[in-house]
Amino acid sequence: MGRIRILPDLVANQIAAGEVVDRPASVVKELLENSLDAGANRISIVVEAGGRKLIRIIDDGHGMNRDDALLAFERHATSKLRTADDLLSIATLGFRGEALPSIASVARVTLETCPALPAETLANEPVVGTRLEIAGGRILHVDDAALPRGTTLAVADLFFNTPARRKFLRAESTELAHVTALVTHYALAHPEKHFELASASHTIISAPPVARTAERIYQIFGKDTLSQLMPVAAETPLQRTGLPEPPPWKRDPNEPIRDPGSMRLSGFYSKPELQKLNRNSIYIFINKRIIRDRLLMHAITEAYRNVIPPTSFPVVLLFLEMPPEEVDVNVHPAKTEVRFRQQSLIHDFVRDSLRTALIQARPAAAFLAALDNSPAASTSLMPPAASTLPGSPGASVVVDSDPESPNGAPADAAAFQLTPQQPTPVPGKLPFDARSQHSCGFPGPSESLQAWGDAAAALFAPGSVPPAVIGSESRATGTGLAEYSAEVASTTAEIEAEQAAANLNHLGSLKPLAQLRESFILASGDDGLWIIDQHVAHERVLFEKILRDRQVEKVQRQRLLMPLLVELRPWQMVVFARIAEELERNGFEVEPFGPHTLAVKAAPVGLEGAELERMLAEVIEQSGAESGESPQNQDLTTLRSRIAASIACHSAIKVNTALDPVRMEWLLLELAKTSHPTSCPHGRPIALLYSWKEIQRAFHRI
Ligand code: ADP
Ligand code: MG
């Protein structure tokens, strides 16, 4: 008898479950995606004990009839795909037909669903709903039931029959934080839909529909966060479709030529002053699907190169829309990774759009905000892509896909504080306590908003208050959705306007008033009082000039009267040899002078004496810290900007240097001409605005 056997369905499903559902958040993800695919406009989720005990999701989507409800739990049963060709252009979030059978194989599931009334049905003919119970993959009951339109899925006792998996679940608060993160993501991607998330005792997210993403950000994260984000939008037509064309002899001459469509980008990016220590605050959505992607992460980091420090990361919410043929979503069982069919095009589009937006917006750093804005790590709101079970198929993916966690390990969501960082105002009621006209039975009134958005708020600047305050008065007085929406819309617009006004466009017309401790320039403008760091301002001016001059090979050099002799250690000599050519193109003339010594005969104009020596040591040190690849492989752009930044830093006006008004004015004018007057090449802020409004507020005039 042979050794090979076909696995029973239950085992096969449990294996699939290992890839698709590894924690409550991944169950929520699959169920949420199903509800969205079903066209739901209102999705309400309740979790108990971090989702281990219960996850219940209620939607008002198109529902299922009895046959479909039964089929849905079969392996590879899906309504979203028919042929292999459909895989090439997937427009739904789900398509694998794996989630429901996988979940049902490791939990006790109750499905209640009722399809929408077909148009031809007589109004008085009852539409029958279906109630189905499954535990550990076995159907226990199927009954007709009178139900409202839509689907309710309750998943109880997750992993009750797979103790090994249950053991790897984290603390309830951690699991809840992951669930919160997930719902937050989807809520951001669908501002027009109503999302609710509640635990047994609290409402965590309550986001009634709003018109725009900015309003949703305000709704979920609050004013502070929104005012640190800038909008970006761009579009580019595609030259060709991502799918390969059939060879000419296979082409049907009658087939119309396909329009390759276009790629659109919209979203928000943080001002340079807001810096994070990891990439956890970068969210990327492709066609409203949240994904992790190294290519786009790289594009984003590139956009911020020399605007924020290389060790810091921005906050970015990026929504990319493209024809489904451009992206292969069938790469990963949890569908969190994708493959682009035109990789470099997308990479450059994202990088350039963000960079252009940054250059155009020239956001000013507010004096008060800059005070609190030391780089902070934020906890990932993205559940790890794969299981943390040792040896499970996805275990390595976690590390792979999350290289940005400080220690290379998956971001540990245990760091999530579900206790508020600041006392959270607790409005008496939620706005929609009176909403329960919906017959699906949304959860009852919540007692408090204590945990509301805490996990989500932890994402952004520490101390950003979960916006439970927002609209709280109107909530308390029980006004309706219309007033609430209007209020959110008007506050959001106000924040946006205020923020757009605070830019560096008028730097050139500022009037220098005085120099503070011979280090900072005080200047007045219509918008308030500016404080400009003279050293970093000049550094930025020089940095951009050096890069420009280098580009056209026009760096000005000056001969030194006496060659400067620099002693180097052997490893430093090796590094020097590697970067010598680029140094020469930047105005250096350096020759070896014995085995351990270099003779510098010429240097870029403005760089002299001890500073010259320090600059060389710095560049060699920094380049040596790299892996020691040959110059061909080394990223030349990195080297160039490193050299430019170093020359700029060491030749710029120092602090503690007196400047007369003419030179101050000159510096401001030159700074105004740069692309990124916001920050020096190392990412420090250059100019801070103490806005007129802040001044008035501080003097209690408003
Ligand atoms: P997939 O989403 O990949 O198709 P699932 O196992 O998640 O696979 O779901 C199987 C099928 O069940 C779906 O294709 C869909 O037709 C149906 N279904 C699941 N959830 C819902 C829902 N909330 N509302 C309506 N139909 C649903
Ligand atoms: Mg699905």
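The closest N and O atoms of R640 and E582 are 3.4 Å apart, and the pair links distant parts of the chain, since R640 belongs to helix 19 (residues 636-651) and E582 to helix 17 (residues 570-585), 58 residues apart. Both residues belong to one network, in which salt bridges that share partners join R550, E553, E581, E582, R585 and R640. The points below place this network among the other salt bridges, and then turn to the cysteines, the backbone, the surface and the confidence of the model.

**Other salt bridges**

- The structure holds 32 salt bridges, among them one between R540 and E544, whose closest N and O atoms are 2.9 Å apart.
- R540 and E544 are four residues apart in helix 16 (residues 534-551), which means that about one helical turn separates them.
- Both partners of this pair are buried, R540 at 1% relative accessibility and E544 with a relative accessible area of 9%.
- The side chains of E589 and R559 also meet in a salt bridge, at 2.4 Å from N to O, and here the pair links distant parts of the chain, with E589 in strand 21 (residues 589-592) and R559 in strand 20 (residues 557-567), 30 residues apart.
- R559 is exposed, having a relative accessible area of 57%.

**Cysteines**

- The count of disulfides in the model comes to zero.
- For C649, the closest cysteine sulfur is that of C680, and because the two sulfur atoms are 7.6 Å apart, they are too far from each other for a bond.
- C680 likewise is in no disulfide, its nearest cysteine sulfur being that of C649.

**Backbone and loops**

- K288 has a phi near 70°, which is a positive value in a residue other than glycine; K288 lies in the loop between strand 11 (282-286) and strand 12 (289-291), where this residue is partly exposed with a relative accessible area of 28%.
- N306, which is not a glycine either, has a positive phi of about 60°; N306 is placed in the loop between helix 9 (294-303) and strand 13 (316-321), and at 13% relative accessibility it counts as buried.
- R170 is found in the loop between helix 5 (163-167) and helix 6 (172-189), and this residue is partly exposed, with a relative accessible area of 30%.
- From C-alpha to C-alpha, R170 and G50 are 9.2 Å apart in space, although 120 residues apart in sequence.

**Overall organisation and surface**

- The protein chain contains 21 helices and 23 strands, and of its 702 residues 53% count as buried.
- Among contacts between residues at least 6 apart in sequence, 76% join residues that are at least 24 apart.
- The chain exposes about 31,700 Å², of which carbon and sulfur atoms supply 55%.
- L7, L10, V11 and I15 make a nonpolar surface patch of about 320 Å²; of these residues, L10 is located in helix 1 (residues 9-20) and is partly exposed, with a relative accessible area of 35%.

**Confidence**

- The mean pLDDT of the protein chain is 81, and 82% of its residues reach 70 or more.
- Confidence is highest in strand 2 (residues 54-59), at a mean of 98, and lowest in helix 12 (residues 395-401), at 27.
- Over residues 380-478 pLDDT stays under 50, and for this stretch the model has 206 contacts beyond four places in sequence.
- Residues 630-634 form another stretch in which pLDDT stays under 50, and for these the model has seven contacts beyond four places in sequence.
- Where pLDDT is low, the predicted coordinates should not be read in detail.

Technical notes: Residues are numbered from 1 along each chain as its sequence is written. Chains are lettered from A and ligands numbered from 1 in the order in which they are written. This is a predicted model: local features need pLDDT of at least 70, side-chain atom pairs count only at pLDDT 80 or more; totals for chains, interfaces and linings use all residues. Side-chain values use heavy atoms; hydrogens and water are left out. pLDDT is the predictor's confidence in each residue, from 0 to 100. Helices (H or I, at least four residues) and strands (E, at least two) are DSSP runs, numbered from the N terminus. Contact means heavy atoms within 4.5 Å. Patches are made of residues with over 30% relative accessible area and no salt bridge: like charges are joined within 9 Å, nonpolar side chains (Val, Leu, Ile, Met, Phe, Trp, Tyr) within 5 Å. Accessible areas come from the Shrake-Rupley method with a 1.4 Å probe; for residues, only the protein chains shown count as cover. A salt bridge is a side-chain nitrogen of Lys or Arg within 4 Å of a carboxyl oxygen of Asp or Glu. Buried means under 20% relative accessible area, exposed over 50%, partly exposed in between (1.4 Å probe, protein chains only). A disulfide is a pair of cysteine sulfur atoms within 2.5 Å.
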